[in-house]
Amino acid sequence: RPLSAVAQTIFKNALNMRELVVSDVLLPRHQVQWMDLNDPVEANLALARSTGHTRFPLCDGDLDRCVGLIHIKDIFRKGVDPKRLDLRRIKRDIIRVSPDEPVEEALQKLLASRNHMALAVDEFRGAEGIVTLERILELLVGDIRDEFDVEEDNIVQLPNGEFSVSGLTRVYEVEQALDVDISNEDVSTFGGLITSELGRIPEQGEELELEGLVVSVTEVDERRVIRTKVRKAASVAPEE
């Protein structure tokens with residue numbers, strides 16, 4: 001029996017995933033919410049309430065000094081006054097992966113260890129971010145959202161006809177929204193596409209043309225493209 005459209009998409013995504021490494025799917029360190037052993041427990045619980053996440057790296061003052069993982073369920077299971085709770089005693093181990101590690105290998109480690117989160121560290125043991133089981137599975141089936149997720153507009157059409165596009169937007173979303181066909185299958189996000197084409201992190205305000213699009217980088221940091229403005233490149237009329 002022929003594969004359904006959903007099965008075909010998952011199969012194609014699975015083949016594409018074989019070309020990806022952890023850095024393609026990680027959540028950059030400046031976006032990671034983590035609990036700090038130097039803060040009162042009440043402050044860490046307030047962070048959990050405000051973000052809605054269930055898992056947090058537990059760190060000693062900095063993400064580079066990550067000592068484990070806190071799961072919110074473990075806090076509630078203790079049933080004690082939060083003021084007397086020692087986060088060190090309820091922390092779980094957190095696995096570490098390399099940013100250059102194939103996504104397939106990272107997935108195998110997460111499944112084997114029954115973990116949903118791993119810390120991505122470079123050769124100097126500096127934390128570059130986190131990778132989660134959910135982010136990897138989204139490569140196969142698309143965005144996974146629940147009733148607590150806040151919807152973010154990755155692509156917004158501007159009054160002048162241009163599009164404001166987040167660097168974290170999936171490439172296939174850009175293809176659908178702008179009706180283009182992007183040939184580069186080595187990256188999963190639009191920001192990754194830009195840095196792949198340039199071979200470096202672009203400068204803020206830099207403009208480039210790629211895949212039939214004119215892209216202006218409006219916000220960037222030292223690690224990734226945050227936001228862009230995009231329009232279709234003017235088609236060149238054939239010579240008579």
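Analyst: Happy to. The axes of helix 1 and helix 6 come within 7 Å and cross at roughly 125°, with axes being lines fitted to C-alpha atoms over the stretch in contact and angles running from 0 to 180 degrees between N-to-C directions. Helix 1 and helix 6 are therefore oblique to each other, the class left once angles under 35 degrees (roughly parallel), over 145 (roughly antiparallel) and 65 to 115 (roughly perpendicular) are set aside. This is a predicted model, where local features need pLDDT of at least 70 and side-chain atom pairs count only at pLDDT 80 or more, while totals for chains, interfaces and linings use all residues. Residues are numbered from 1 along each chain as its sequence is written, and side-chain values use heavy atoms, leaving out hydrogens and water.

Helix 1 brings Ile10, Asn13, Ala14 and Met17 to the contact (heavy atoms within 4.5 Å), and helix 6 answers with Ile136, Leu139, Leu140 and Val141. By class, that contact has 7 nonpolar, 1 polar and no charged residues; Ala, Val, Leu, Ile, Met, Phe, Trp, Tyr, Cys and Pro count as nonpolar, Asp, Glu, Lys and Arg as charged, and the others, Gly among them, as polar.

Within helix 6 (residues 133-141), Leu133, Ile136, Glu138, Leu139 and Leu140 are buried, meaning under 20% relative accessible area with a 1.4 Å probe, protein chains only. These buried residues pack against helix 1 (5-17), helix 5 (103-113) and strand 7 (127-132); helices (H or I, at least four residues) and strands (E, at least two) are DSSP runs, numbered from the N terminus.

Definitions and conventions. Buried means under 20% relative accessible area, exposed over 50%, partly exposed in between (1.4 Å probe, protein chains only).
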